[in-house]
Amino acid sequence: MSILSLFVLIPALMLLGLWVARNLNQVRAVMVTGASCLLALAIWLVITFVHLRSLGVTDEMLFCYSYTWFSPMNIAYSVGVDGISVVMILLASIIVFTGVFASWQLKPLTKEFFLWFTLLSSGVFGFFISIDLFTMFMFYEVALIPMYLLIGVWGSGHKEYSAMKLTLMLMGGSALLILGILGIYFFSGAKTMNVLEIAALHNIPLAAQKVFFPLTFIGFGVLGALFPFHTWSPDGHASAPTAVSMLHAGVLMKLGGYGCFRIAMFLLPEAAHELGWIFLILTTISVVYGAFSACVQTDLKYINAYSSVSHCGLVLFALLMMTRTSCTGAILQMLSHGLMTALFFALIGMIYGRTHTRDVRELGGLMKIMPFLSVGYVIAGLANLGLPGFSGFIAEMSIFVGSFENNDLFHRTATIIACTSIVITAVYILRLVGKILYGKVSNPHYETLTDATWDERIAVCCLIACVAGLGLFPLWARDVIHDAIGPILNNLSIASL
């Protein structure tokens with residue numbers, strides 16, 4: 001069995017440990033131990049992957065393992081990772097680890113919360129290691145279903161409405177997705193659900209691709225906040241508890257971009273060229289619309305939620321540009337945005353837990369009262385607007401430079417329009433930081449509040465270190481991603497001939 005199966009086995013053991021835990025300390029011990037093991041395993045995987053590539057190992061997927069569990073349709077538990085999968089697994093492990101500490105004081109029903117949180121995490125890890133369409137879809141659903149209860153039970157505000165809206169829209173996307181997957185299976189002629197075997201055949205008819213590409217791209221795109229299917233995202237993020245917002249925006253939304261690239265574009269390349277311009281228009285709208293919408297919000301979570309729509313739109317936008325530089329930037333953006341938005345949501349949750357409000361108009365002067373959290377918020381804001389030295393800069397520069405490599409009026413016009421989001425983002429971030437952190441203390445009651453606790457400091461410091469580390473030392477991530485993009489771009493290049 002592949003070492004990758006540990007990313008599913010460890011969450012399963014965590015669920016067992018939570019089930020037998022009898023008090024809060026035991027619950028916390030199980031979560032910290034399990035999350036630490038996942039993070040250590042992810043770091044080992046990255047180091048080993050880089051080492052094997054340096055030795056000249058050129059296999060498209062590493063650590064592969066396959067076990068057939070439904071032979072009539074040749075459905076198998078097939079796992080393997082390339083550079084894209086490796087960085088996504090690392091991102092997920094970081095968010096899970098920091099999410100545990102961000103939820104350290106969560107009450108009531110702490111045990112039940114972590115049970116669903118762990119189940120969601122197992123679905124995410126299973127999705128990223130899968131190279132079988134059915135197995136991938138199964139883990140995709142495992143990652144989505146717990147969201148309803150995590151928001152509906154432990155959320156805030158209009159949590160029941162938000163949970164139901166999120167679930168219905170994502171299930172609608174799943175319905176389109178299963179149609180697309182079945183279409184790929186039956187029209188490929190491969191008689192297998194293995195992604196690599198289907199991609200190697202190149203024999204899905206163009207007419208069929210034109211039907212199933214929109215189904216799979218929209219199916220995954222709904223989770224990636226593709227306009228106009230994004231409306232679940234702001235409400236879901238605003239109502240979710242802190243750790244769930246971190247995992248949802250930081251990792252779960254990346255399943256959308258990953259699926260669009262790995263499935264829709266890789267397996268249906270001719271249709272990607274034929275119909276990509278339609279989705280490029282929609283993603284350009286997502287980028288600009290999300291940034292403008294964030295400008296007019298007054299709730300901290302809604303601001304970050306619409307910002308996520310904009311930044312996740314950039315991921316899909318860059319993938320549809322289909323150049324090596326833009327696609328590398330898209331994966332870097334997934335990694336960068338996952339870390340940045342998790343940091344934002346963690347800090348917002350910590351501020352809300354003290355002030356009991358997320359309304360920008362009621363906040364002010366927090367730098368004097370809680371300097372640690374305020375400095376963390378400034379760093380998150382600077383990273384979000386793409387300041388050099390943070391992860392957002394290298395990702396967005398790669399996206400826009402790579403997009404402009406397309407030497408035609410349509411693609412370059414779309415790139416210029418998308419670039420305006422940088423200015424809009426700077427406007428709302430700088431205005432927000434100035435309003436809530438500086439100036440006079442808006443409420444005398446705030447002066448009695450305390451700064452971050454030790455558990456909150458662990459979560460914040462880990463995320464800041466990752467955001468700064470990726471910004472200062474981006475080449476390792478670029479090198480890991482670079483070779484993995486090749487096979488997908490080769491398929492797209494062959495399709496364009």
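Mentor: Before we start, a word on angles: they run from 0 to 180 degrees between the N-to-C directions of fitted axes. Keep in mind that this is a predicted model.

Trainee: Thanks! What makes helices α4 and α12 roughly parallel to each other?

Mentor: The axes of α4 (residues 110–129) and α12 (residues 254–267) cross at roughly 20 degrees and come within 11 Å. Angles under 35 degrees count as roughly parallel, so α4 and α12 are roughly parallel to each other. As for handedness, α4 passes α12 in a left-handed crossing.

Trainee: Which residues make the contact?

Mentor: From α4 they are V124, F127 and F128, and from α12 they are L255, Y258 and G259. Sorted by class, the α4 contact with α12 has 5 nonpolar residues, 1 polar and no charged ones. Gly counts as polar, and G259 belongs to the α12 side.

Trainee: Why is C462 called partly exposed?

Mentor: Partly exposed lies between the buried limit, under 20%, and the exposed one, over 50%. C462 has 27% relative accessibility, so it counts as partly exposed. C466, with a relative accessible area of 24%, is partly exposed too.

Methods: Residues numbered from 1 in each chain as written. Predicted model: local features only at pLDDT ≥ 70, side-chain atom pairs only at ≥ 80, totals over all residues. Heavy atoms only, no water. Helix = DSSP H or I, 4+ residues; strand = E, 2+ residues; numbered from the N terminus. Parallel < 35°, antiparallel > 145°, perpendicular 65-115°, else oblique. Left-handed = near helix turned anticlockwise from the far one by under 90°. Contact = heavy atoms within 4.5 Å. Buried < 20%, exposed > 50% of the residue type's maximum accessible area, 1.4 Å probe, protein only.
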